[in-house]
Number of protein chains: 2
Amino acid sequence: MDVRQLSILGVGLLGGSVGLACRSFLNNCKIIGYGHRKESLEEAVLSGAIDRGVADAAEAVEGADLVILCTPVGRFGDLLRQIGPSLKKGAIVTDVGSTKRSVVAEAEKWLPQGVAFVGSHPMAGSEKRGVRFARADLFRDALCIVTPTAKTDAEAIGKVEGFWKMLGMRTTRMSAEEHDRLVGMVSHVPHAVAAALVAIQPQTAAALAGKGFFDTTRIAEGDGGLWRDILLDNADNVREGILRLQGELTELLKRLDGSGALELQTWLDESAHRRQLWAKRKLPEQDVD
Amino acid sequence: MDVRQLSILGVGLLGGSVGLACRSFLNNCKIIGYGHRKESLEEAVLSGAIDRGVADAAEAVEGADLVILCTPVGRFGDLLRQIGPSLKKGAIVTDVGSTKRSVVAEAEKWLPQGVAFVGSHPMAGSEKRGVRFARADLFRDALCIVTPTAKTDAEAIGKVEGFWKMLGMRTTRMSAEEHDRLVGMVSHVPHAVAAALVAIQPQTAAALAGKGFFDTTRIAEGDGGLWRDILLDNADNVREGILRLQGELTELLKRLDGSGALELQTWLDESAHRRQLWAKRKLPEQDVD
(Lines give C-alpha, C1' and ligand atoms only; values in the text may rest on other atoms or scores of the structure.)
Protein backbone atom coordinates (compact mmCIF):
# COMPACT_ATOMS: atom_id res chain seq x y z
CA MET A 1 0.00 0.00 0.00
CA ASP A 2 1.42 3.33 -1.05
CA VAL A 3 0.68 5.74 1.77
CA ARG A 4 1.81 9.31 1.17
CA GLN A 5 -0.25 10.74 4.00
CA LEU A 6 -1.38 8.88 7.09
CA SER A 7 -3.80 10.54 9.50
CA ILE A 8 -4.00 9.20 13.03
CA LEU A 9 -7.06 10.35 14.95
CA GLY A 10 -6.19 10.07 18.63
CA VAL A 11 -2.52 10.04 19.63
CA GLY A 12 -2.51 8.01 22.84
CA LEU A 13 -0.68 4.74 23.43
CA LEU A 14 -2.11 3.03 20.33
CA GLY A 15 -2.15 6.00 17.96
CA GLY A 16 1.36 6.97 19.00
CA SER A 17 2.60 3.41 18.52
CA VAL A 18 1.07 3.27 15.01
CA GLY A 19 2.95 6.46 14.18
CA LEU A 20 6.27 5.24 15.56
CA ALA A 21 5.92 1.87 13.81
CA CYS A 22 5.10 3.54 10.48
CA ARG A 23 8.30 5.59 10.68
CA SER A 24 10.27 2.36 10.25
CA PHE A 25 8.27 1.06 7.31
CA LEU A 26 6.93 3.97 5.26
CA ASN A 27 9.25 6.24 3.35
CA ASN A 28 8.23 9.79 2.52
CA CYS A 29 4.97 9.44 4.39
CA LYS A 30 3.56 12.50 6.12
CA ILE A 31 1.90 11.57 9.42
CA ILE A 32 -0.80 13.92 10.71
CA GLY A 33 -2.16 13.49 14.23
CA TYR A 34 -5.47 14.70 15.56
CA GLY A 35 -6.22 15.07 19.26
CA HIS A 36 -8.23 17.36 21.52
CA ARG A 37 -5.39 17.87 24.01
CA LYS A 38 -2.70 20.24 22.75
CA GLU A 39 -0.06 18.76 25.09
CA SER A 40 -0.60 15.25 23.74
CA LEU A 41 -0.17 16.49 20.17
CA GLU A 42 3.04 18.31 21.12
CA GLU A 43 4.32 15.25 22.93
CA ALA A 44 3.49 13.11 19.90
CA VAL A 45 5.43 15.45 17.60
CA LEU A 46 8.42 15.51 19.97
CA SER A 47 8.47 11.71 20.24
CA GLY A 48 8.43 11.42 16.46
CA ALA A 49 5.09 9.60 16.34
CA ILE A 50 3.55 12.30 14.11
CA ASP A 51 4.89 15.10 11.91
CA ARG A 52 2.18 17.60 12.72
CA GLY A 53 -0.69 17.87 15.21
CA VAL A 54 -4.10 19.27 14.27
CA ALA A 55 -6.96 20.08 16.64
CA ASP A 56 -9.66 19.60 14.02
CA ALA A 57 -10.47 16.09 12.81
CA ALA A 58 -11.85 17.16 9.42
CA GLU A 59 -8.70 19.15 8.73
CA ALA A 60 -6.50 16.28 9.90
CA VAL A 61 -7.81 13.87 7.24
CA GLU A 62 -7.58 16.23 4.24
CA GLY A 63 -5.47 14.57 1.60
CA ALA A 64 -4.96 11.38 3.62
CA ASP A 65 -4.55 8.04 1.84
CA LEU A 66 -5.10 6.15 5.08
CA VAL A 67 -6.97 7.29 8.19
CA ILE A 68 -6.82 5.32 11.45
CA LEU A 69 -9.26 5.97 14.27
CA CYS A 70 -7.35 5.56 17.56
CA THR A 71 -9.58 7.35 20.09
CA PRO A 72 -11.76 5.50 22.61
CA VAL A 73 -14.53 3.68 20.71
CA GLY A 74 -17.22 5.97 22.13
CA ARG A 75 -15.91 8.81 19.96
CA PHE A 76 -15.84 6.92 16.64
CA GLY A 77 -19.39 7.89 15.53
CA ASP A 78 -18.75 11.62 16.00
CA LEU A 79 -15.36 11.43 14.30
CA LEU A 80 -16.71 9.58 11.27
CA ARG A 81 -19.49 12.14 10.91
CA GLN A 82 -16.96 14.98 11.10
CA ILE A 83 -14.39 13.58 8.67
CA GLY A 84 -16.80 12.20 6.03
CA PRO A 85 -16.97 15.37 3.90
CA SER A 86 -13.19 16.00 4.04
CA LEU A 87 -11.97 12.59 2.87
CA LYS A 88 -10.57 12.36 -0.62
CA LYS A 89 -11.84 9.82 -3.12
CA GLY A 90 -9.93 6.55 -2.75
CA ALA A 91 -9.08 7.13 0.90
CA ILE A 92 -9.20 4.13 3.19
CA VAL A 93 -10.38 4.42 6.79
CA THR A 94 -9.72 1.86 9.49
CA ASP A 95 -9.59 1.85 13.29
CA VAL A 96 -8.03 0.12 16.29
CA GLY A 97 -11.20 -0.23 18.37
CA SER A 98 -11.86 -3.15 20.72
CA THR A 99 -15.48 -3.38 19.51
CA LYS A 100 -16.43 -3.66 15.87
CA ARG A 101 -20.21 -3.74 15.24
CA SER A 102 -20.84 -0.09 16.07
CA VAL A 103 -17.91 1.36 14.13
CA VAL A 104 -18.77 -0.69 11.04
CA ALA A 105 -22.36 0.61 11.21
CA GLU A 106 -21.28 4.22 11.80
CA ALA A 107 -18.81 4.06 8.91
CA GLU A 108 -21.51 2.85 6.54
CA LYS A 109 -23.70 5.70 7.73
CA TRP A 110 -21.22 8.59 7.51
CA LEU A 111 -18.52 7.82 4.94
CA PRO A 112 -19.11 8.96 1.36
CA GLN A 113 -19.03 6.91 -1.84
CA GLY A 114 -15.48 6.22 -2.97
CA VAL A 115 -14.12 5.94 0.54
CA ALA A 116 -13.61 2.44 1.93
CA PHE A 117 -13.89 1.46 5.58
CA VAL A 118 -12.29 -1.73 6.91
CA GLY A 119 -12.69 -2.43 10.62
CA SER A 120 -9.53 -3.54 12.46
CA HIS A 121 -8.74 -4.65 15.98
CA PRO A 122 -5.01 -4.99 16.52
CA MET A 123 -4.88 -7.05 19.70
CA ALA A 124 -1.99 -5.26 21.32
CA GLY A 125 -1.97 -2.70 24.05
CA SER A 126 -1.12 -2.05 27.62
CA GLU A 127 -2.78 -0.83 30.78
CA LYS A 128 -0.49 2.20 30.41
CA ARG A 129 -1.96 5.42 29.08
CA GLY A 130 -0.72 8.13 26.76
CA VAL A 131 1.70 8.68 23.91
CA ARG A 132 4.68 8.57 26.29
CA PHE A 133 4.22 4.80 26.52
CA ALA A 134 3.95 4.39 22.73
CA ARG A 135 6.36 1.84 21.23
CA ALA A 136 7.27 1.10 17.63
CA ASP A 137 7.17 -2.64 18.37
CA LEU A 138 3.81 -2.72 20.18
CA PHE A 139 2.15 -4.61 17.33
CA ARG A 140 4.92 -7.04 16.48
CA ASP A 141 3.81 -10.70 16.45
CA ALA A 142 0.38 -9.84 17.82
CA LEU A 143 -2.88 -10.67 16.08
CA CYS A 144 -5.00 -8.16 14.16
CA ILE A 145 -8.64 -9.04 13.55
CA VAL A 146 -10.07 -7.48 10.41
CA THR A 147 -13.87 -7.30 10.11
CA PRO A 148 -15.03 -6.66 6.55
CA THR A 149 -18.70 -6.84 5.58
CA ALA A 150 -20.23 -8.20 2.36
CA LYS A 151 -20.07 -4.65 0.99
CA THR A 152 -16.42 -3.95 1.83
CA ASP A 153 -14.15 -3.32 -1.16
CA ALA A 154 -11.88 -6.36 -1.59
CA GLU A 155 -8.86 -4.29 -2.58
CA ALA A 156 -9.23 -2.11 0.52
CA ILE A 157 -9.37 -5.21 2.76
CA GLY A 158 -6.10 -6.43 1.25
CA LYS A 159 -4.49 -3.04 1.72
CA VAL A 160 -5.49 -2.76 5.36
CA GLU A 161 -4.32 -6.31 6.07
CA GLY A 162 -1.07 -5.48 4.30
CA PHE A 163 -0.67 -2.40 6.49
CA TRP A 164 -0.94 -4.37 9.75
CA LYS A 165 1.34 -7.09 8.38
CA MET A 166 3.88 -4.40 7.56
CA LEU A 167 3.78 -3.50 11.27
CA GLY A 168 4.61 -7.13 12.13
CA MET A 169 1.13 -8.46 12.85
CA ARG A 170 -0.67 -11.64 11.91
CA THR A 171 -4.16 -11.00 10.57
CA THR A 172 -7.42 -12.92 10.60
CA ARG A 173 -10.86 -12.07 9.19
CA MET A 174 -14.26 -12.46 10.79
CA SER A 175 -17.56 -10.62 10.92
CA ALA A 176 -17.96 -7.71 13.34
CA GLU A 177 -20.66 -9.75 15.11
CA GLU A 178 -18.39 -12.74 15.64
CA HIS A 179 -15.55 -10.45 16.72
CA ASP A 180 -17.64 -8.77 19.39
CA ARG A 181 -18.94 -12.08 20.71
CA LEU A 182 -15.53 -13.78 20.95
CA VAL A 183 -13.50 -10.78 22.08
CA GLY A 184 -16.22 -10.01 24.60
CA MET A 185 -15.53 -13.41 26.16
CA VAL A 186 -11.75 -13.40 26.04
CA SER A 187 -11.03 -9.74 26.73
CA HIS A 188 -13.98 -7.61 27.89
CA VAL A 189 -15.38 -10.06 30.45
CA PRO A 190 -11.90 -10.70 31.96
CA HIS A 191 -11.45 -6.93 32.25
CA ALA A 192 -14.74 -6.50 34.10
CA VAL A 193 -13.91 -9.43 36.36
CA ALA A 194 -10.43 -8.11 37.15
CA ALA A 195 -11.96 -4.76 38.15
CA ALA A 196 -14.51 -6.58 40.32
CA LEU A 197 -11.74 -8.63 41.99
CA VAL A 198 -10.05 -5.38 42.97
CA ALA A 199 -13.31 -3.77 44.08
CA ILE A 200 -14.24 -6.53 46.54
CA GLN A 201 -10.91 -6.54 48.41
CA PRO A 202 -10.81 -5.13 51.92
CA GLN A 203 -7.70 -2.94 52.41
CA THR A 204 -6.35 -5.44 54.92
CA ALA A 205 -6.44 -8.21 52.30
CA ALA A 206 -4.81 -6.04 49.64
CA ALA A 207 -1.82 -5.59 51.92
CA LEU A 208 -1.21 -9.35 51.59
CA ALA A 209 -1.51 -9.45 47.81
CA GLY A 210 1.21 -11.35 45.98
CA LYS A 211 2.25 -11.81 42.36
CA GLY A 212 -0.81 -13.96 41.67
CA PHE A 213 -3.24 -11.22 42.61
CA PHE A 214 -1.29 -8.58 40.73
CA ASP A 215 -1.12 -10.63 37.54
CA THR A 216 -4.80 -11.51 37.74
CA THR A 217 -5.80 -7.85 38.11
CA ARG A 218 -3.16 -6.12 35.94
CA ILE A 219 -5.64 -5.24 33.21
CA ALA A 220 -7.88 -3.53 35.78
CA GLU A 221 -5.45 -0.59 35.67
CA GLY A 222 -6.68 0.27 32.17
CA ASP A 223 -8.27 3.68 31.58
CA GLY A 224 -11.79 3.84 33.05
CA GLY A 225 -13.25 6.03 30.29
CA LEU A 226 -11.86 3.85 27.53
CA TRP A 227 -13.17 0.67 29.13
CA ARG A 228 -16.56 2.23 29.94
CA ASP A 229 -16.96 2.80 26.19
CA ILE A 230 -15.96 -0.76 25.35
CA LEU A 231 -18.20 -2.42 27.94
CA LEU A 232 -21.21 -0.27 27.00
CA ASP A 233 -20.66 -0.73 23.27
CA ASN A 234 -20.49 -4.51 23.67
CA ALA A 235 -23.00 -4.65 26.53
CA ASP A 236 -25.06 -7.58 25.20
CA ASN A 237 -22.05 -9.87 24.84
CA VAL A 238 -20.46 -8.71 28.08
CA ARG A 239 -23.73 -9.34 29.88
CA GLU A 240 -23.96 -12.86 28.47
CA GLY A 241 -20.34 -13.60 29.40
CA ILE A 242 -20.74 -12.33 32.95
CA LEU A 243 -23.90 -14.37 33.42
CA ARG A 244 -22.01 -17.42 32.18
CA LEU A 245 -19.17 -16.73 34.62
CA GLN A 246 -21.61 -16.28 37.48
CA GLY A 247 -23.20 -19.60 36.54
CA GLU A 248 -19.79 -21.30 36.47
CA LEU A 249 -19.04 -19.92 39.93
CA THR A 250 -22.41 -21.10 41.22
CA GLU A 251 -21.49 -24.61 40.03
CA LEU A 252 -18.19 -24.23 41.86
CA LEU A 253 -19.98 -23.26 45.08
CA LYS A 254 -21.89 -26.53 44.93
CA ARG A 255 -18.62 -28.45 44.84
CA LEU A 256 -17.26 -26.65 47.89
CA ASP A 257 -19.26 -28.68 50.40
CA GLY A 258 -16.73 -31.52 50.20
CA SER A 259 -18.92 -34.07 48.49
CA GLY A 260 -17.74 -32.64 45.16
CA ALA A 261 -14.00 -32.96 45.84
CA LEU A 262 -13.33 -35.10 42.79
CA GLU A 263 -15.40 -32.89 40.47
CA LEU A 264 -13.61 -29.87 41.92
CA GLN A 265 -10.19 -31.29 41.14
CA THR A 266 -11.28 -32.33 37.65
CA TRP A 267 -12.60 -28.84 37.01
CA LEU A 268 -9.38 -27.21 38.24
CA ASP A 269 -7.19 -29.64 36.29
CA GLU A 270 -9.21 -29.06 33.15
CA SER A 271 -8.78 -25.29 33.37
CA ALA A 272 -5.05 -25.70 34.04
CA HIS A 273 -4.73 -28.02 31.05
CA ARG A 274 -6.74 -25.79 28.68
CA ARG A 275 -4.72 -22.73 29.62
CA GLN A 276 -1.45 -24.62 29.14
CA LEU A 277 -2.48 -25.68 25.65
CA TRP A 278 -3.58 -22.18 24.70
CA ALA A 279 -0.41 -20.58 26.04
CA LYS A 280 1.75 -23.08 24.13
CA ARG A 281 -0.05 -22.30 20.90
CA LYS A 282 0.87 -18.62 21.13
CA LEU A 283 4.00 -17.32 19.48
CA PRO A 284 6.95 -17.28 21.89
CA GLU A 285 6.99 -13.46 21.96
CA GLN A 286 3.46 -13.37 23.26
CA ASP A 287 3.85 -16.16 25.73
CA VAL A 288 3.74 -14.73 29.22
CA ASP A 289 5.35 -17.63 31.07
CA MET B 1 18.11 -20.54 65.26
CA ASP B 2 20.63 -23.36 65.39
CA VAL B 3 19.35 -26.03 63.03
CA ARG B 4 21.50 -29.16 62.84
CA GLN B 5 18.81 -31.20 61.11
CA LEU B 6 16.02 -29.87 58.95
CA SER B 7 13.30 -32.21 57.75
CA ILE B 8 11.25 -31.16 54.74
CA LEU B 9 8.06 -33.16 54.29
CA GLY B 10 7.14 -32.90 50.62
CA VAL B 11 9.85 -31.96 48.12
CA GLY B 12 7.95 -30.19 45.36
CA LEU B 13 8.44 -26.61 44.24
CA LEU B 14 8.13 -25.14 47.74
CA GLY B 15 9.89 -27.87 49.73
CA GLY B 16 12.70 -27.99 47.19
CA SER B 17 13.08 -24.22 47.31
CA VAL B 18 13.27 -24.27 51.13
CA GLY B 19 16.08 -26.83 50.86
CA LEU B 20 18.02 -24.89 48.24
CA ALA B 21 17.64 -21.64 50.18
CA CYS B 22 18.82 -23.26 53.43
CA ARG B 23 22.00 -24.45 51.72
CA SER B 24 23.07 -20.80 51.45
CA PHE B 25 22.31 -19.89 55.03
CA LEU B 26 22.77 -22.93 57.28
CA ASN B 27 26.19 -24.43 57.84
CA ASN B 28 26.55 -28.07 58.81
CA CYS B 29 22.84 -28.67 58.58
CA LYS B 30 21.64 -32.06 57.43
CA ILE B 31 18.52 -31.77 55.25
CA ILE B 32 16.22 -34.79 55.12
CA GLY B 33 13.41 -34.93 52.60
CA TYR B 34 10.25 -37.00 52.76
CA GLY B 35 8.07 -37.76 49.75
CA HIS B 36 5.95 -40.60 48.45
CA ARG B 37 7.44 -40.51 44.94
CA LYS B 38 10.91 -42.04 44.75
CA GLU B 39 11.80 -40.09 41.60
CA SER B 40 11.02 -36.77 43.28
CA LEU B 41 13.28 -37.65 46.20
CA GLU B 42 16.08 -38.65 43.84
CA GLU B 43 15.63 -35.46 41.84
CA ALA B 44 15.70 -33.44 45.07
CA VAL B 45 18.97 -35.07 46.13
CA LEU B 46 20.53 -34.51 42.70
CA SER B 47 19.50 -30.85 42.68
CA GLY B 48 21.05 -30.38 46.10
CA ALA B 49 17.75 -29.45 47.77
CA ILE B 50 18.09 -32.33 50.29
CA ASP B 51 20.90 -34.58 51.49
CA ARG B 52 18.83 -37.72 51.79
CA GLY B 53 15.35 -38.84 50.81
CA VAL B 54 13.15 -41.00 53.04
CA ALA B 55 9.85 -42.64 52.10
CA ASP B 56 8.54 -42.71 55.67
CA ALA B 57 7.48 -39.46 57.33
CA ALA B 58 8.05 -40.66 60.91
CA GLU B 59 11.57 -41.76 60.03
CA ALA B 60 12.24 -38.48 58.21
CA VAL B 61 11.66 -36.35 61.32
CA GLU B 62 13.75 -38.40 63.75
CA GLY B 63 16.32 -36.11 65.33
CA ALA B 64 15.07 -33.01 63.48
CA ASP B 65 15.35 -29.57 65.10
CA LEU B 66 13.00 -28.06 62.54
CA VAL B 67 10.31 -29.81 60.51
CA ILE B 68 8.53 -28.04 57.65
CA LEU B 69 5.36 -29.45 56.12
CA CYS B 70 5.47 -28.76 52.38
CA THR B 71 2.88 -31.17 50.97
CA PRO B 72 -0.58 -30.09 49.77
CA VAL B 73 -2.59 -28.93 52.81
CA GLY B 74 -4.97 -31.88 52.57
CA ARG B 75 -2.17 -34.19 53.75
CA PHE B 76 -1.14 -32.17 56.82
CA GLY B 77 -3.44 -33.94 59.29
CA ASP B 78 -2.18 -37.39 58.36
CA LEU B 79 1.45 -36.27 58.42
CA LEU B 80 1.13 -34.66 61.86
CA ARG B 81 -0.48 -37.82 63.23
CA GLN B 82 2.34 -39.92 61.77
CA ILE B 83 5.26 -37.79 62.92
CA GLY B 84 4.01 -36.94 66.43
CA PRO B 85 5.58 -39.91 68.22
CA SER B 86 8.94 -39.56 66.41
CA LEU B 87 9.63 -35.90 67.13
CA LYS B 88 12.33 -35.16 69.64
CA LYS B 89 11.69 -32.89 72.62
CA GLY B 90 12.36 -29.25 71.69
CA ALA B 91 11.65 -29.80 67.99
CA ILE B 92 9.77 -27.04 66.16
CA VAL B 93 7.26 -27.83 63.44
CA THR B 94 6.00 -25.33 60.87
CA ASP B 95 4.47 -25.49 57.41
CA VAL B 96 4.07 -23.59 54.14
CA GLY B 97 0.33 -24.17 53.70
CA SER B 98 -2.00 -21.65 52.06
CA THR B 99 -4.65 -22.27 54.73
CA LYS B 100 -3.97 -22.04 58.43
CA ARG B 101 -6.97 -22.88 60.66
CA SER B 102 -6.95 -26.61 59.96
CA VAL B 103 -3.21 -27.17 60.32
CA VAL B 104 -3.12 -25.24 63.60
CA ALA B 105 -5.96 -27.42 64.94
CA GLU B 106 -4.38 -30.66 63.71
CA ALA B 107 -1.02 -29.74 65.23
CA GLU B 108 -2.64 -29.12 68.62
CA LYS B 109 -4.30 -32.48 68.32
CA TRP B 110 -1.35 -34.62 67.26
CA LEU B 111 1.90 -33.07 68.43
CA PRO B 112 3.23 -34.15 71.82
CA GLN B 113 4.19 -31.95 74.79
CA GLY B 114 7.58 -30.35 74.29
CA VAL B 115 7.15 -29.90 70.57
CA ALA B 116 6.08 -26.47 69.32
CA PHE B 117 4.01 -25.80 66.24
CA VAL B 118 4.01 -22.38 64.54
CA GLY B 119 1.88 -22.00 61.42
CA SER B 120 3.51 -20.21 58.47
CA HIS B 121 2.39 -19.14 55.04
CA PRO B 122 5.29 -17.90 52.94
CA MET B 123 3.48 -16.05 50.16
CA ALA B 124 5.72 -17.15 47.35
CA GLY B 125 5.21 -19.78 44.71
CA SER B 126 4.53 -20.37 41.11
CA GLU B 127 2.02 -22.15 38.90
CA LYS B 128 4.92 -24.47 38.06
CA ARG B 129 5.05 -27.89 39.69
CA GLY B 130 7.82 -30.07 41.04
CA VAL B 131 11.27 -29.82 42.51
CA ARG B 132 12.78 -29.10 39.08
CA PHE B 133 11.33 -25.59 39.33
CA ALA B 134 12.66 -25.05 42.87
CA ARG B 135 14.75 -21.89 43.31
CA ALA B 136 16.92 -20.75 46.20
CA ASP B 137 15.58 -17.20 45.81
CA LEU B 138 11.89 -18.07 45.67
CA PHE B 139 11.22 -16.50 49.07
CA ARG B 140 13.37 -13.40 48.77
CA ASP B 141 11.51 -10.15 49.50
CA ALA B 142 8.15 -11.91 49.73
CA LEU B 143 5.89 -11.84 52.77
CA CYS B 144 5.53 -14.70 55.25
CA ILE B 145 2.43 -14.73 57.44
CA VAL B 146 2.97 -16.43 60.80
CA THR B 147 -0.13 -17.54 62.71
CA PRO B 148 0.58 -18.27 66.39
CA THR B 149 -2.21 -18.99 68.86
CA ALA B 150 -2.47 -17.89 72.49
CA LYS B 151 -0.84 -21.19 73.44
CA THR B 152 2.13 -20.99 71.05
CA ASP B 153 5.55 -20.88 72.69
CA ALA B 154 6.94 -17.31 72.30
CA GLU B 155 10.49 -18.51 71.72
CA ALA B 156 9.36 -20.87 68.97
CA ILE B 157 7.48 -18.03 67.23
CA GLY B 158 10.66 -15.95 67.22
CA LYS B 159 12.72 -18.84 65.89
CA VAL B 160 10.31 -19.56 63.04
CA GLU B 161 10.12 -15.88 62.11
CA GLY B 162 13.90 -15.76 62.22
CA PHE B 163 14.06 -18.76 59.90
CA TRP B 164 11.92 -17.10 57.22
CA LYS B 165 13.80 -13.82 57.60
CA MET B 166 17.02 -15.74 57.07
CA LEU B 167 15.55 -16.85 53.73
CA GLY B 168 14.98 -13.18 52.84
CA MET B 169 11.33 -12.81 53.78
CA ARG B 170 9.38 -10.12 55.61
CA THR B 171 7.11 -11.55 58.28
CA THR B 172 3.80 -10.51 59.81
CA ARG B 173 1.65 -12.11 62.52
CA MET B 174 -2.07 -12.69 62.59
CA SER B 175 -4.52 -15.31 63.80
CA ALA B 176 -5.19 -18.35 61.61
CA GLU B 177 -8.81 -17.17 61.34
CA GLU B 178 -7.85 -13.73 60.05
CA HIS B 179 -5.29 -15.28 57.69
CA ASP B 180 -7.84 -17.59 56.11
CA ARG B 181 -10.38 -14.79 55.71
CA LEU B 182 -7.95 -12.30 54.11
CA VAL B 183 -5.94 -14.76 52.02
CA GLY B 184 -9.21 -16.31 50.90
CA MET B 185 -10.16 -12.94 49.40
CA VAL B 186 -6.83 -11.99 47.85
CA SER B 187 -5.59 -15.39 46.71
CA HIS B 188 -8.10 -18.25 46.83
CA VAL B 189 -11.05 -16.39 45.28
CA PRO B 190 -8.87 -14.98 42.45
CA HIS B 191 -7.65 -18.53 41.76
CA ALA B 192 -11.20 -19.88 41.52
CA VAL B 193 -12.21 -16.96 39.30
CA ALA B 194 -9.20 -17.41 36.99
CA ALA B 195 -10.11 -21.09 36.57
CA ALA B 196 -13.73 -20.10 35.85
CA LEU B 197 -12.59 -17.52 33.25
CA VAL B 198 -10.73 -20.31 31.44
CA ALA B 199 -13.63 -22.75 31.79
CA ILE B 200 -16.21 -20.47 30.13
CA GLN B 201 -14.14 -19.74 27.00
CA PRO B 202 -15.23 -21.28 23.74
CA GLN B 203 -12.20 -22.65 21.82
CA THR B 204 -12.76 -20.05 19.12
CA ALA B 205 -12.40 -17.23 21.66
CA ALA B 206 -9.28 -18.75 23.21
CA ALA B 207 -7.58 -18.58 19.81
CA LEU B 208 -7.86 -14.77 20.07
CA ALA B 209 -6.50 -14.52 23.60
CA GLY B 210 -3.83 -11.88 24.17
CA LYS B 211 -1.48 -10.95 26.98
CA GLY B 212 -4.37 -9.59 29.07
CA PHE B 213 -6.17 -12.92 29.13
CA PHE B 214 -3.00 -14.87 29.81
CA ASP B 215 -1.98 -12.65 32.71
CA THR B 216 -5.47 -12.75 34.20
CA THR B 217 -5.55 -16.54 34.09
CA ARG B 218 -1.90 -17.42 34.77
CA ILE B 219 -2.62 -18.74 38.25
CA ALA B 220 -5.25 -21.10 36.84
CA GLU B 221 -2.36 -23.33 35.70
CA GLY B 222 -1.70 -24.26 39.31
CA ASP B 223 -1.95 -27.92 40.32
CA GLY B 224 -5.57 -29.05 40.54
CA GLY B 225 -5.08 -31.36 43.52
CA LEU B 226 -3.23 -28.78 45.53
CA TRP B 227 -5.87 -26.12 44.88
CA ARG B 228 -8.73 -28.53 45.50
CA ASP B 229 -7.30 -28.97 49.01
CA ILE B 230 -6.98 -25.23 49.54
CA LEU B 231 -10.46 -24.34 48.29
CA LEU B 232 -12.10 -27.12 50.32
CA ASP B 233 -10.12 -26.33 53.46
CA ASN B 234 -11.10 -22.66 53.25
CA ALA B 235 -14.55 -23.32 51.79
CA ASP B 236 -16.48 -20.93 54.07
CA ASN B 237 -14.30 -17.94 53.23
CA VAL B 238 -14.05 -18.84 49.54
CA ARG B 239 -17.84 -19.18 49.40
CA GLU B 240 -18.30 -15.75 50.98
CA GLY B 241 -15.76 -14.16 48.61
CA ILE B 242 -17.33 -15.70 45.52
CA LEU B 243 -20.78 -14.55 46.59
CA ARG B 244 -19.39 -11.06 47.07
CA LEU B 245 -17.82 -11.15 43.59
CA GLN B 246 -21.06 -12.38 42.06
CA GLY B 247 -22.86 -9.51 43.81
CA GLU B 248 -20.32 -7.00 42.48
CA LEU B 249 -20.84 -8.36 38.95
CA THR B 250 -24.61 -8.13 39.34
CA GLU B 251 -24.18 -4.45 40.21
CA LEU B 252 -22.03 -4.08 37.10
CA LEU B 253 -24.73 -5.68 34.94
CA LYS B 254 -27.15 -2.98 36.10
CA ARG B 255 -24.77 -0.29 34.86
CA LEU B 256 -24.47 -1.87 31.41
CA ASP B 257 -27.82 -0.56 30.15
CA GLY B 258 -26.25 2.81 29.37
CA SER B 259 -28.04 4.83 32.02
CA GLY B 260 -25.22 3.95 34.41
CA ALA B 261 -22.34 5.15 32.20
CA LEU B 262 -20.98 7.58 34.75
CA GLU B 263 -21.20 5.07 37.63
CA LEU B 264 -19.53 2.51 35.37
CA GLN B 265 -16.59 4.79 34.65
CA THR B 266 -16.28 5.75 38.32
CA TRP B 267 -16.25 2.08 39.28
CA LEU B 268 -13.59 1.23 36.68
CA ASP B 269 -11.47 4.26 37.60
CA GLU B 270 -11.69 3.37 41.27
CA SER B 271 -10.47 -0.17 40.68
CA ALA B 272 -7.64 1.11 38.48
CA HIS B 273 -6.65 3.61 41.16
CA ARG B 274 -6.77 1.09 44.01
CA ARG B 275 -4.68 -1.40 42.12
CA GLN B 276 -2.12 1.27 41.23
CA LEU B 277 -1.76 2.24 44.88
CA TRP B 278 -1.42 -1.37 46.01
CA ALA B 279 1.15 -2.18 43.32
CA LYS B 280 3.22 0.88 44.26
CA ARG B 281 3.28 -0.13 47.89
CA LYS B 282 4.89 -3.49 47.07
CA LEU B 283 8.62 -3.91 47.12
CA PRO B 284 10.14 -3.36 43.67
CA GLU B 285 11.08 -7.04 43.35
CA GLN B 286 7.48 -8.04 43.72
CA ASP B 287 6.04 -5.36 41.50
CA VAL B 288 4.79 -6.96 38.32
CA ASP B 289 4.62 -3.84 36.19
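This is a predicted model: local features need pLDDT of at least 70, side-chain atom pairs count only at pLDDT 80 or more; totals for chains, interfaces and linings use all residues.

Biologist: Which residues of α6(A) are buried?

Modeller: Buried means under 20% relative accessible area. In α6(A), A156(A), I157(A), V160(A), E161(A), F163(A) and W164(A) are buried. These residues cover an arc of only 155° around the axis, which puts them on the same side of α6(A). The face turned away from that buried side carries the exposed residues A154(A) and E155(A). Just after α6(A), G168(A) adopts a positive phi of about 100°.

Biologist: Where do the buried residues of helix α4 (residues 76-83) of chain B lie, seen down the axis?

Modeller: The buried residues of α4(B) are F76(B), G77(B), L79(B), L80(B) and I83(B). Seen down the axis, they fall within an arc of 165°, so they line one face of the helix. Their packing partners in chain B are the strands β1 (5-9), β2 (30-34), β4 (66-69) and β5 (92-95), together with the helices α3 (57-60) and α5 (101-110).

Biologist: Let us turn to strands. Which faces of strand β7 (residues 119-122) of chain B are covered?

Modeller: In a regular strand the side chains alternate between the two faces of the sheet. In β7(B), both faces are covered: G119(B) and H121(B) are buried on one side, and S120(B) and P122(B) on the other. Four bridges connect β7(B) with strand β8 (residues 143-147) of chain B, and the two run antiparallel. G119(B) has T147(B) as its bridge partner in β8(B).

Biologist: How many bridges join strand β1 (residues 5-9) of chain A to β2(A)?

Modeller: Five bridges join β1(A) to β2(A), and these strands run parallel. S7(A) is paired with I32(A) of β2(A) as its bridge partner.

Biologist: What may be said of β2(A) itself, and of its pairing with strand β3 (residues 52-54) of chain A?

Modeller: Strand β2(A), residues 30-34, is mostly covered, with four of its five residues buried. Three bridges link β2(A) to β3(A), again in parallel, and Y34(A) has V54(A) as its bridge partner in β3(A). Here too there is a right-handed β-α-β unit, made by β2(A), helix α2 (residues 38-47) of chain A and β3(A).

Biologist: Finally, what rotation superposes chain A on chain B?

Modeller: A rotation of 180° with 0.0 Å of shift along its axis superposes them, at an RMSD of 0.0 Å. That is the relation of a two-fold axis. The same surface serves both copies, since 100% of the contact residues of chain A recur in chain B. In chain A, T216(A) comes closest to the rotation axis, at 1.9 Å by its C-alpha.

Notes:
Residues are numbered from 1 along each chain as its sequence is written. Chains are lettered from A and ligands numbered from 1 in the order in which they are written. Side-chain values use heavy atoms; hydrogens and water are left out. Buried means under 20% relative accessible area, exposed over 50%, partly exposed in between (1.4 Å probe, protein chains only). Two strands pair if DSSP finds at least two bridges between them. A crossover is right-handed if, with the strands pointing away from the viewer, the path from the first strand over the helix to the second runs clockwise. The arc is that of the directions from the helix axis to the C-beta atoms. Copies are superposed by least squares on the C-alpha atoms of residues with pLDDT of at least 70 in both. Contact means heavy atoms within 4.5 Å.
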